[in-house]
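Open the model in your viewer and keep the selection tool at hand. The stops below come in order.

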Amino acid sequence: MSLDQKSALRVAQVLNEALPYIQHFIGKTVVVKFGGNAMVDEKLQNSFARDVILMKLVGMNPVVVHGGGPQIGDLLNKLSIESRFVDGMRVTDSETMDVVEMVLGGTVNKQIVNLINKNGGRAVGVTGKDGLLIRAKKLTRDNGTKEDAAGLHASEIIDIGHVGEVESVDTDVIDMLINSDFIPVIAPIGVGKDGESYNINADLVAGKIAEYLKAEKLMLLTNVAGLQDKQGEVLTGLSTLEVDGLIADGTIYGGMLPKIACALDAVKAGVTSAHIIDGRVPHAVLLEIFTDTGVGTLITNANLSAE
């Protein structure tokens with residue numbers, strides 16, 4: 001299909017705007033957490049895949065980390081296995097963990113790999129268990145203090161099963177794939193010291209992987225326009241100090257708090273910037289990286305670099 005002169009000029013302007021960004025990010029690593037609407041809408045799936053492929057083609061090193069909560073829930077329902085949650089985390093007994101591994105490490109991971117490959121890229125899927133990529137430990141939840149029969153107060157620790165947190169990341173597998181010109185696609189399953197499997201929040205895994213890879217960017221796709229102030233306006237550029245202030249004054253709360261905390265921790269640990277972006281927007285990843293306006297909230301250590 002041929003373009004008229006006006007449309008062709010617009011394409012040239014877009015490419016010209018993208019050029020300095022492309023030049024700056026050559027050889028840099030970008031960790032993208034893929035989830036939400038972008039993961040289940042077919043058009044958004046393909047736009048995401050093409051974004052990641054283009055990043056690779058212009059010399060960047062994209063690393064994809066994915067979730068799969070809804071898919072896990074669907075299969076558990078089909079198998080008549082009850083889902084229970086504590087503080088938004090799925091209680092994961094051994095039976096549930098088998099389903100988690102089947103869905104994340106099998107179905108979802110291979111679907112994303114196939115999605116990238118059929119759009120012209122070269123992707124390889126792994127879980128955090130492959131090559132001991134993600135060392136994990138059991139995550140427990142403190143439900144606050146309870147008074148016993150003797151009137152003494154003690155914390156009540158809730159066991160949520162095979163739910164873990166990242167203890168360390170061995171980047172050898174990722175480095176090998178990147179250096180072989182593949183796009184790594186990682187399922188957020190970790191392995192404990194005794195070989196047990198752990199289900200880990202995908203945002204947390206993406207943040208830790210970005211930290212260990214010393215990534216240029218951590219990008220978290222969401223189903224919202226970005227971090228919003230109390231008037232509902234999207235905050236586009238924030239320093240870590242400003243984010244700390246927004247948490248302290250209650251602007252950031254509820255379900256957005258863990259995602260922001262993950263982004264904040266990554267930047268404080270050395271990732272150059274973190275982005276909370278609207279995965280409902282086609283080509284959200286490219287728009288955030290290669291345009292002046294972007295489509296979400298940027299968090300940096302600008303307050304430190306200015307000193």
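**Stop 1: Arg 135**

Select Arg 135, which is found in strand 6 (residues 134–147). Helices (H or I, at least four residues) and strands (E, at least two) are DSSP runs, numbered from the N terminus. This is a predicted model: local features need pLDDT of at least 70, side-chain atom pairs count only at pLDDT 80 or more, and totals for chains, interfaces and linings use all residues. Residues are numbered from 1 along each chain as its sequence is written, and side-chain values use heavy atoms, with hydrogens and water left out.

Arg 135 is partly exposed, at 29% relative accessibility. The cut-offs: buried is under 20% relative accessible area, exposed is over 50%, partly exposed is in between (1.4 Å probe, protein chains only). Now show what Arg 135 touches beyond four places in sequence: Glu 165, Val 166, Glu 167, Ser 168, Val 191, Gly 192 and Lys 193. Contact means heavy atoms within 4.5 Å.

Draw a C-alpha to C-alpha distance from Arg 135 to Ala 274: 23 Å in space, for 139 residues in sequence.

**Stop 2**

Show the open sheet of 8 strands, in the order 5-8-2-1-11-13-14-12, with mixed pairing. Two strands pair if DSSP finds at least two bridges between them. At the edges sit strand 5 (123–127) and strand 12 (237–239), each pairing on one side only. From one strand to the next, the twist averages 20°. Axes are lines fitted to C-alpha atoms, for helices over the stretch in contact; angles run from 0 to 180 degrees between N-to-C directions.

Zoom in on strand 13 (residues 273–278) and strand 14 (residues 296–300). They pair in the antiparallel sense over 5 bridges. Which residue of strand 14 is the bridge partner of Ile 277? Pick Gly 296.

**Stop 3: His 275**

Select His 275 in strand 13. Is His 275 buried or exposed? Buried, with a relative accessible area of 2%. Its side chain makes a polar contact of 2.8 Å with that of Glu 288, and one of 3.0 Å with that of Ser 273. A polar contact is a pair of N or O atoms within 3.5 Å; within protein, one must be able to donate a hydrogen and the other to accept it, and residues adjacent in sequence count only if both atoms are side-chain atoms. Beyond four places in sequence, His 275 touches residues including Lys 217, Met 219 and Thr 297.

**Stop 4: the annotated site**

Select Gly 68, Gly 69, Arg 90 and Asn 199, which the unreviewed UniProt entry annotates as "binding site". Such annotations may be inferred rather than shown by experiment. The four span 132 residues in sequence, yet no two of their C-alpha atoms are more than 11.9 Å apart, so they gather at one spot.

Finish on Arg 90, in strand 4 (residues 89–90). Arg 90 is buried at 11% relative accessible area. Its side chain reaches the backbone oxygen of Gly 69 at 3.2 Å. Gly 69 itself is found in helix 4 (residues 69–78), and is partly exposed at 32%.
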